[in-house]
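This briefing goes through one protein model, topic by topic. Please have the sequence and the structure open while reading.

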Amino acid sequence: MYVIAHLSDPHLDGSEEARSRLRKITSYVRESSVDVVLVSGDLADHGLPAEYDELAGELSFDVPVLVLPGNHDVSTPLRAGLDSFVTSDGDAHPVHQVHEVGAARFVLVDTTVPGADHGLLSAESLAWLDGVLREPFDGPVFVAMHHPPLDLHHPVMDQWKLEDREPLAQVLTGKPITAILTGHVHNAIVTNFAGHPVLGAPGIRSTVPLPFEPTTDSVVDPQAHPGLAFHAHAPNEPLQTIYRYPR
């Protein structure tokens, strides 16, 4: 069995609160048996070099670690502070990557727009993604991106959604993709897009209560327990996703 530990949205900012919430998750992962760790964006809260330096120290595992940017991240300091994790060519935006880790291939797509909170993929990015997904690979293929291709039906979060999704659907339709792994909405999400499962990891720094849940005074609930997803792949079996909220 091949197991992915999927983390998202730690929003590290130098505070003890953010650090301790992330450590609840990383310590749980270190006590588990996984093949790879994926962190799907909003690694830092302000995109500052010191925040990426802190994150690099927190992401010490005995297995490969994959990271991709979210809307709170800034490409150049991310590349500099996390240079041991990032293989993307260039020194700025976008930070697209392809990693083969054991039996699986990970296509990490940068959906961010510099200076904005919504997501969007340019024609150049879509062409890159289409080319990568056409390459033959004998094993599971995971596409990871920060912004999920969905409407959350949340009055604030939907202002920051992935826009213009039809061209992305055209690229993904019919491709041999095991699952699309996402973050951004600070909720465990299970849906589908372009014929593929979409699996979103919970937020580490906070949770976003949805309109049909009990109301809060804030968009985010910083007291909710941080969580993560485990994605377990076995040959000739459906992918399984298990969500955990360590206390």
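On the face of H2 turned away from its buried side sit the exposed residues Pro49, Ala50, Asp53 and Gly57. The model is predicted.

**Helix H2**
- The buried residues of H2 are Glu51, Tyr52, Glu54, Leu55 and Glu58.
- H1 and helix H3 (75-81) are what the buried residues of H2 pack against.

- In soluble globular proteins, nonpolar side chains tend to be buried together.
- Here the largest nonpolar core holds 28 residues, and Leu7, Val29, Val37, Val67 and Leu82 have the most contacts inside it.
- Two or more residues of this core come from each of strand E1 (2-7), helix H1 (16-30), strand E2 (36-40), helix H2 (49-58), strand E3 (65-68) and strand E10 (228-233).
- H1 gives the largest share of this core, four residues.
- Leaving aside residues up to four places away in sequence, Val67 touches Val39, Leu43, Leu59, Leu82, Phe85, Val86, Gln97 and Leu108.
- A second, separate core has 19 residues, among them Leu126, Leu129, Val132 and Met145.

**Pockets**
- The volume of the largest pocket is about 260 Å³.
- Its lining consists of 18 residues, and His11, His72, His186, Ser206 and Val220 lie nearest the centre of the pocket.
- By type, the lining of the largest pocket has seven nonpolar, six polar and five charged residues.
- The second largest pocket has a volume of about 150 Å³.
- Residues that line the second largest pocket include His154, Pro155, Pro209, Leu210, Pro211 and Glu213.
- Six nonpolar, four polar and one charged residue make up the lining of the second largest pocket.

**Backbone details**
- The peptide bond between His93 and Pro94 is cis, with omega near -5°, and Pro94 is in the loop between H3 and strand E4 (97-101).
- His153 is not a glycine, yet has a positive phi of about 60°.
- The loop between strand E6 (141-145) and helix H5 (166-172) contains His153, which is exposed at a relative accessible area of 60%.
- Ala194, also a residue other than glycine, has a positive phi near 55°.
- Ala194 belongs to the loop between strand E8 (189-193) and strand E9 (196-200) and is partly exposed, with a relative accessible area of 21%.

How values were computed:
Residues numbered from 1 in each chain as written. Predicted model: local features only at pLDDT ≥ 70, side-chain atom pairs only at ≥ 80, totals over all residues. Heavy atoms only, no water. Core = buried A, V, L, I, M, F, W, Y, C linked by side-chain atoms within 4.5 Å. Buried < 20%, exposed > 50% of the residue type's maximum accessible area, 1.4 Å probe, protein only. Contact = heavy atoms within 4.5 Å. 1 Å grid on protein atoms, 1.4 Å probe; cavity = no way out; pocket = protein on both sides within 12 Å on 5 of 7 lines; lining within 4 Å. Points joined across faces, edges and corners; volume = space filled by probe spheres on them. Nonpolar A, V, L, I, M, F, W, Y, C, P; charged D, E, K, R; others polar.
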